[in-house]
Amino acid sequence: MAVKIITAAVRGIDGFMISVEIDIERGLPCFNIVGLAEASVRESKERVRAAIINSGFEFPVARIIVNLAPADVRKDGSQFDLPIAIGILTATNQIVFTDTEEFVIMGELSLFGELKGIKGVLPITIEAIKNNINSFLLPYENANECSAVKGSKAYYFNDLKQVAGYISYRDLVPYEYSENYDCIRSNLDFEDVIGQESCKRAVEVAAAGNHNILMVGAPGSGKTMIAERIPSILPELTYEESLEVTKIYSILGKLDCSNGLIKNRPFRNPHHNTTVTSIIGGGNLMPGEVSLSHNGVLFLDEVLEFKSKVLEALRQPLEEKKIRISRLSGNVEYPANFMAVFSTNPCPCGFYKSSRPCTCSDYERKRYINKLSGPIIDRIDLFTFVNPISYNEIQSKTKNENSSCIRNRVEMARKIQKERFKNYGIHCNSEMNTRLIKKYCKLSRGCSDIMATIYNKFNLSTRAYSRILKVSRTIADLEGSKNIEKKHIVESLQYRRFLNEEII
Ligand SMILES: [Zn+2]
């Protein structure tokens with residue numbers, strides 16, 4: 001007898017549907033899996049056999065052929081154990097399962113028949129619902145993830161016996177999506193950052209226009225503390241953005257099983273020893289840090305300590321907001337739209353322009369900073385200097401502004417941008433191209449004069465020129481101002497002064 005069970009797998013960031021066809025005939029006993037199954041799928045034979053026997057069922061002594069269709073796509077992973085086991089039980093009439101096409105079945109089995117969680121349940125659920133199948137039989141650990149998608153019905157189990165029991169008796173209520181969409185924010189708040197007003201302001205502007213920012217300052221001046229708090233002033237993730245982020249964590253198996261959707265903006269802080277593969281992705285065609293920080297913040301602390309190959313590799317995601325990975329086993333594309341936050345010491349010893357004397361020569365300092373040029377400096381919209389805190393500031397009793405106040409302003413500015421760019425497929429000022437800059441960054445005569453003076457005096461590149469305009473646009477948006485005014489340009493120029501020195 002032949003049976004068809006529906007399951008699915010993940011390729012890149014998306015799920016795709018697979019049918020598991022099981023045919024059991026009389027003949028010389030054998031158990032084969034065909035249909036471009038990788039070694040990890042073929043191993044499932046041993047688990048399925050043991051799980052069926054140890055769950056109190058009979059394993060047929062017959063000729064068993066399992067075909068995974070479509071046969072032209074590679075299949076990897078252990079999630080086919082459960083559909084194969086259920087298929088065998090159905091084909092041998094040990095359970096009665098007539099509406100097999102109504103369910104997506106997935107899960108790994110242990111030799112004792114226990115169900116184990118699998119990776120990629122979220123993209124699979126999204127794909128299945130697109131294909132009009134909304135009931136899922138899956139491991140307990142994946143229930144939250146599955147029910148995070150609107151319209152899904154998750155039936156979750158601990159072992160094979162329970163799944164077989166449900167199929168026969170239909171005695172469970174599914175776990176469904178609930179509108180309970182609370183965002184529990186982390187307790188990192190800008191309220192904790194003493195002083196640093198100018199740096200906080202630069203960060204606010206960067207967050208408002210999704211600009212990349214570089215913080216320069218001595219060790220211990222609080223660069224990391226500020227960077228970690230940036231997600232707290234970014235707008236809340238929308239449901240769609242939240243799905244995008246959760247998908248990436250789902251295929252890496254990085255989801256905590258207690259929560260379904262990721263509701264906070266990601267903050268990734270890779271170590272400077274990291275490799276190109278872990279930043280960009282590609283090991284096993286899996287996504288890297290640039291995708292894990294999608295819709296959030298990628299923070300490279302002490303950016304000059306990173307290998308130049310790693311910084312070079314950031315070029316594509318910074319520019320295209322996505323990353324393509326090509327390997328022998330295939331090509332995939334992952335989203336990588338993040339706000340880049342970099343930090344660096346001002347010089348090799350770290351104390352240039354701080355309260356402690358700097359022991360570096362001019363030459364050493366220049367050489368140090370020159371390392372930044374190229375891929376990084378070209379893509380930074382704002383530079384800010386983080387000054388060591390003075391004694392007065394520590395003692396000061398004035399209360400620091402908290403993150404939610406700053407976030408309100410950022411959200412307002414983002415709203416203006418969303419409306420402005422609704423027909424252009426972009427969301428923020430940082431993404432404007434030359435044509436849009438011309439259209440939305442019109443300058444009055446007075447402003448134009450200032451820009452002309454600066455342009456000639458500092459020998460600005462056109463790239464720097466357009467960055468000044470984009471940041472000015474964001475500053476004007478933060479104020480709710482329709483036009484870019486002189487004060488907006490003057491403030492924007494401050495953020496092109498690297499190390500508080502000349503404008504670049
Ligand atoms: Zn120094």
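## Strand 11 and its neighbours

G217 stands opposite V386 in strand 17. Helices and strands here are DSSP runs, numbered from the N terminus, with at least four residues (H or I) for a helix and at least two (E) for a strand. Strand 17 covers residues 382–386, and strand 11 pairs with it in the parallel sense over five bridges. Two strands count as paired if DSSP finds at least two bridges between them. Strand 11 also has a parallel partner in strand 16 (residues 339–344), this time over four bridges. There, V216 has T344 as its bridge partner.

So how much of strand 11 is buried? Five of its five residues (213–217) are, so the strand is largely enclosed by the rest of the structure. "Buried" means under 20% relative accessible area, "exposed" means over 50%, and "partly exposed" is in between (1.4 Å probe, protein chains only). Both faces are covered: I213, M215 and G217 are buried on one side, and L214 and V216 on the other.

## A word on the model

Keep in mind that this is a predicted model, where local features need pLDDT of at least 70, side-chain atom pairs count only at pLDDT 80 or more, and totals for chains, interfaces and linings use all residues. Residues are numbered from 1 along each chain as its sequence is written, and side-chain values use heavy atoms, with hydrogens and water left out.

## Salt bridges

There are 29 salt bridges in the structure; each is a side-chain nitrogen of Lys or Arg within 4 Å of a carboxyl oxygen of Asp or Glu. One of them joins E38 and R74, at 2.9 Å from N to O. E38 sits in the loop between strand 3 (30–34) and helix 1 (39–42), and R74 in the loop between strand 4 (63–69) and helix 3 (81–91), so the pair ties together parts that are 36 residues apart in sequence. E38 is partly exposed at 26% relative accessible area, and R74 is partly exposed at 48%.

Another salt bridge links D192 and R229, with their closest N and O atoms 3.1 Å apart. D192 is in the loop between strand 10 (175–176) and helix 7 (197–209), while R229 is in the loop between helix 8 (223–228) and helix 9 (239–251), so this pair ties together parts that are 37 residues apart in sequence. Here D192 is partly exposed at 36%, but R229 is buried at 6%.

Then there's K422 with E419, whose side chains meet at 2.7 Å, N to O. K422 is exposed at 53%, whereas E419 is partly exposed at 48%.

## Around helix 6

Which residues of helix 6 (residues 160–169) are buried? They are L160, V163, A164, G165, Y166 and I167. At the start of this helix, a side-chain oxygen of D159 comes to within 3.2 Å of the backbone nitrogen of K161. Just after the helix, R170 takes a positive phi of about 50°.

## Two helices side by side

Helix 18 (residues 445–457) packs with helix 20 (residues 486–494) at an angle of about 25°, their axes being 9 Å apart. Axes are lines fitted to C-alpha atoms, for helices over the stretch in contact, and angles run from 0 to 180 degrees between N-to-C directions.

Conventions:
A polar contact is a pair of N or O atoms within 3.5 Å; within protein, one must be able to donate a hydrogen and the other to accept it, and residues adjacent in sequence count only if both atoms are side-chain atoms.
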